[in-house]
Amino acid sequence: MAEIRVQNLQKSFGDFVAVQGSSFVVENGEFFVMLGPSGCGKTTTLRMIAGLELPTGGEILLGGEDVTFKRAAQRDIAFVFQLFALYPHMNVRANIGFPLKCQGTPRAEIKTRVDEAARILRITHLLDKPVSGLAGGDRQRVALGRAIVRQPAAFMMDEPLGALDAEFRTLMCHELRALHDRLHATTIYVTHDQMEAMAMADKIAVMNHGVIEQLATPREIYERPATMFVADFIGSPAMNFLAFDGGLQRGDRHVRLNSLSVEVPESHEDISQQRLVLGARPEHIRLSDEGGLRGEVFGTEYLGTTQIVTVITEHGKVRARVGADRRTTVGNQVGLTFKPEKLSIFEHQSGRAIRTALYDTNLQGARHG
Amino acid sequence: MADVVLHNASKTFGPVTAVDHVDLTINDGEFVVLLGPTGAGKTTTLRLIAGLENLDTGRVMIDGRDVSGDAPALRDVSFVFQQYSLYPHLTVYDNLAFPLRSPTRRVPEDEIRRKITDIATMLHIDHKLQNKATRLSGGEMQRVAIGRALVRNPKIYLMDEPLSSLDAKLRNELRLELKRIQHELGATMLYVTHDQIEAMTMATRIGVLREGKLVQIGVPREIYEDPNDIYVATRLGQPHINLIPRNLFPDVAMPPAAETVGVRTENLLISRHNGAAARIDWIEHLGDQNHLHIDLNGHKVTTLVQPDAQLDVGDVVALELQNPLYFDRTGARLRG
């Protein structure tokens, strides 16, 4: 197992710059997720690390060794694709053992290692079945088995759950994370699904237009997004953005949205008068009968545990996540109040988050175990 | 708009029973969502109402009239398919106008214009009306496909997972839009999906299908809080409802026939008391909430905690049940 170090990695396809100078370190045993919309450069980055694309510039170190221009086969990396290509004429055992057979591993050792991989993935009972009759999830487990059996230095996974339906995806997320906790293999995982990233990652790199906008733990990214893009991409429903004109001075604890004064975390920067944006996650907004930001209830979405109430305000539609037992009626006037310590403020022009008390304190609490 | 009734409807394809003696009433102006996994009979039910499949047994009544033998065109229904199929050589406007220009129902052009403008505004595609249908994003194409159904004023709208090909963000937006449009039009709608969020957020009533049978129908809250069996209980709720063998709670009084205790994640409360051998395995940070994965005597259970809860992997906690649901050995609910 190994640390992966990427330095100033770039890739252009003709005039199109897919990756614009990324640098990051994936520590030994880390589950590292690259997250972003299609075309953000995440898959290209992954393919360069795996050796399936050659970079235009920069270098890649795998366990301290420079592998930038080495062939994929010389990198000791296993790749799991979104569309798991299994050999249809072979049974599960032969599919999983195939990479070892190609390397000329003795038959007895192949058997031991395939059995071990199957045990880890809990598909021992399927080993002698043909792959054609398997369900989607089992096929993906076989594809994973083929990656695990090689005991590579690192795993690269390109949207491996993208082809599964929602319910199954959640289940496989838990399985993949549990698998990681057993193997402790350095893993780079690419997805556009923020739920997968939040559920599995030790660290997330959020990418946009070939640039890493933020690299941090899931919790850090969720609670202290560095940019409006990150804030918008993570969380469902997304963070609410309320635009207003104003400025800030160090020590300020309030902003003015038209006539309404809203308490915010203490500013640690001086910001000149300009267009600013208040960012509030749906669960940090409460409904109140009086006061607050007034608006009209546009709709409610019942989710069992909670409900999402959408309110039309003079700053646009605002979504609040409140308890499922709170009754609201479409068309009624309500007020919205905010949890002051959880709010973010962004510069509208650059999208950058302004440094406040929220961003400068230490996050406490548990991490992935 | 009108009410639609299925009486004892069945449909088999060779050895497979796709729809199995279903009785279902969709009231005038109601938004009914059929929920079930692949193969539960959702799409076949829609196709039976539309007349795209013939019934083996039973009847379809639309607006009080038996239409079981009628051709699809005579039933006055609108169908939105999962895969949008637009006419690529026509503009968005002409695509939307197409159903209204059909020879069987000629509508004057000025009325067509008025209708299209209304619907396009509702769906936020009014600025794209002169675009070629192929020069749209996937989300816009699907909105055109939905719009093409909505320009007509049929007896019922039938929708087959119309949002499933859209990305998560757009799906979130359109869910509420679609519900609002349905409400404004007073439309009768039957909508099928395997997505529990769509079902819970949009439906007036949810019908849960299992292997062709309608196993429960009710308002979302009823299906969520008061399921008839384990199958229905596991259809709704993220994370899944915890299903725990009764013997793990020796101190809780239960109906004698109870084999399994079902507890929604928000109803499994943790406390610091010692006693129960529950150990925190893993904490999943999902931002708005944390999922706590707990090992209870070798059984995995999940509960919700606030993000600021001071808990760590390895901590031993006690569990308390709130509103537990009891199921017998067949999975049927035991109501107290």
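The reply below starts with the helix and then turns to its setting.

Analyst: The model is predicted. Helix α5 of chain A runs over residues 166–183, which is 18 residues. From its first C-alpha to its last, α5(A) reaches 26 Å, close to the 26 Å expected at 1.5 Å a residue.

The buried residues of α5(A) are A:Arg169, A:Met172, A:Cys173, A:Leu176, A:Arg177, A:Leu179 and A:His180. They lie on the same side of α5(A), because the arc they cover around the axis is only 155°. Just after the helix comes A:His184, with a positive phi of about 55°.

As for the setting, chain A has 9 helices and 20 strands. Of its 369 residues, 54% count as buried. Along the principal axes, the C-alpha atoms of chain A fill a box of roughly 75 × 45 × 40 Å. When contacts between residues at least 6 apart in sequence are taken, 66% of those in chain A join residues at least 24 apart.

Helix packing can be followed at another pair, α2(A) (residues 92–102) and α4(A) (residues 136–148). Their axes come within 7 Å and cross at roughly 30°, and the crossing is right-handed. On the α2(A) side the contact is made by A:Val92, A:Asn95, A:Ile96 and A:Pro99; α4(A) brings A:Val142, A:Gly145 and A:Arg146. By type, the residues of this contact divide into 4 nonpolar, 2 polar and 1 charged.

Notes
Residues are numbered from 1 along each chain as its sequence is written. Chains are lettered from A and ligands numbered from 1 in the order in which they are written. This is a predicted model: local features need pLDDT of at least 70, side-chain atom pairs count only at pLDDT 80 or more; totals for chains, interfaces and linings use all residues. Side-chain values use heavy atoms; hydrogens and water are left out. Axes are lines fitted to C-alpha atoms, for helices over the stretch in contact, and angles run from 0 to 180 degrees between N-to-C directions. Helices (H or I, at least four residues) and strands (E, at least two) are DSSP runs, numbered from the N terminus. A crossing is left-handed if the near helix is turned anticlockwise from the far one by less than a right angle, and right-handed if clockwise. Contact means heavy atoms within 4.5 Å. Ala, Val, Leu, Ile, Met, Phe, Trp, Tyr, Cys and Pro count as nonpolar, Asp, Glu, Lys and Arg as charged, and the others, Gly among them, as polar. The expected span of a helix is 1.5 Å times one less than its number of residues. Buried means under 20% relative accessible area, exposed over 50%, partly exposed in between (1.4 Å probe, protein chains only). The arc is that of the directions from the helix axis to the C-beta atoms.
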